[in-house]
Amino acid sequence: MGRRTTPFVGRQSVALAPGSHDAEAQAALAYALAGDAAHAQSLADDLAKRFPQDTVVQSVWLPTIRAQIETGRKNAARSIELLQAAASYELGMLSGGAANSCLYPVYVRAEAYLSAQQGQLAAAEFQKILDHRGLVSNCATSTLAHLGLARAYALQGDTAKARAAYQDFFALWKDADPDIPILKEAKAEYAKLQ
């Protein structure tokens, strides 16, 4: 995927909830996912400094943000290593005010495994998200896990399972704008399956 910029989203998230580690952490992760490591790192450093005793910040948010930055730098092994700190907490709630978790550490780990060409491990992580639908209800990770699973199966050479996972993703995105880059990428990948 190409680099995307999200300065408006990041700044607006933090401005809407000043002093909240939830908004700042989500903005940092959004920057990291968009490939803007500088903004993500700046927000992560601020979180680390302001919330040194907060378990969720120190053990879940910061490892997840830093892991995504490393995945963006094509350093999947370091990303996976960083996420070990979050393993004990990843099925818990990351935000006191949210009704769901989104399983961000699991999603970032799955993407790191994909980046490392480890399809079987990536598939297991994406499946973990799908197996916990109640925790990810309205999160983007819920839908994107189908696409990730398709890519993981394709990486393993399991065309039948890959096709089924792509079809699940397309069914969820049937009303989406057809020009969304990730949807176009998914359709192109699906078309190449033999």
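Student: What makes cysteine 102 and cysteine 139 a disulfide?

Tutor: A disulfide is a pair of cysteine sulfur atoms within 2.5 Å. The sulfur atoms of cysteine 102 and cysteine 139 are 1.9 Å apart, so the pair meets that definition. A search of the whole structure finds one disulfide. Before we go on, please keep in mind that this is a predicted model, where local features need pLDDT of at least 70 and side-chain atom pairs count only at pLDDT 80 or more, while totals for chains, interfaces and linings use all residues. Residues are numbered from 1 along each chain as its sequence is written, and side-chain values use heavy atoms, with hydrogens and water left out.

Student: Which parts of the chain does the pair of cysteine 102 and cysteine 139 link?

Tutor: Distant parts, 37 residues apart. Cysteine 102 sits in the loop between α5 (76–82) and α6 (104–115), and cysteine 139 in the loop between α8 (133–136) and α9 (140–156). The link is left-handed, with -70 degrees about the S-S bond.

Student: Why is cysteine 102 called buried?

Tutor: Buried means under 20% relative accessible area, exposed means over 50%, and partly exposed is in between, using a 1.4 Å probe and protein chains only. Cysteine 102 has 8% relative accessibility, so it counts as buried. Cysteine 139, at 7%, is buried too. In the chain, buried residues make up 46% of the 194 residues.

Student: How many helices and strands does the chain have?

Tutor: There are eleven helices and zero strands. Helices (H or I, at least four residues) and strands (E, at least two) are DSSP runs, numbered from the N terminus.

Student: What is the largest nonpolar core, and which residues touch the most other members?

Tutor: A nonpolar core is a set of buried Ala, Val, Leu, Ile, Met, Phe, Trp, Tyr and Cys residues joined through side-chain atoms within 4.5 Å. The largest one has 56 residues, and Leu47, Ile65, Phe126, Ile129, Leu149, Tyr166 and Phe169 touch the most other members. Helix α6 gives the largest share of this core, eight residues. In soluble globular proteins, nonpolar side chains tend to be buried together.

Student: Which residues is phenylalanine 126 in contact with, leaving aside its neighbours within four places in sequence?

Tutor: Contact means heavy atoms within 4.5 Å. With those neighbours left aside, phenylalanine 126 is in contact with Tyr107, Ala110, Glu111, Leu114, Ala145, Gly148 and Leu149.

Student: Is threonine 64 buried or exposed?

Tutor: Threonine 64, found in helix α4, has a relative accessible area of 0%, so it is buried. Not counting residues up to four places away in sequence, threonine 64 touches Leu29, Leu83, Tyr104, Pro105 and Val108.

Student: And why is serine 142 called buried?

Tutor: Serine 142 has a relative accessible area of 15%, which is under 20%, so it is buried. This residue lies in helix α9. Its contacts, leaving aside neighbours within four places in sequence, are Ile129, Leu130, Val136 and Ser137. The C-alpha atoms of serine 142 and isoleucine 129 are separated by 6.6 Å, and the two residues are 13 apart along the chain.

Student: What makes phenylalanine 170 and tyrosine 190 an edge-to-face pair?

Tutor: Rings of Phe, Tyr and Trp (its six-membered ring) pair if their centres lie within 6.5 Å; planes under 30 degrees apart count as stacked, over 60 as edge-to-face and the rest as tilted. By this rule the count comes to seven aromatic pairs. Phenylalanine 170 and tyrosine 190 are 5.4 Å centre to centre with 90 degrees between the planes, so they form a pair and it is edge-to-face.
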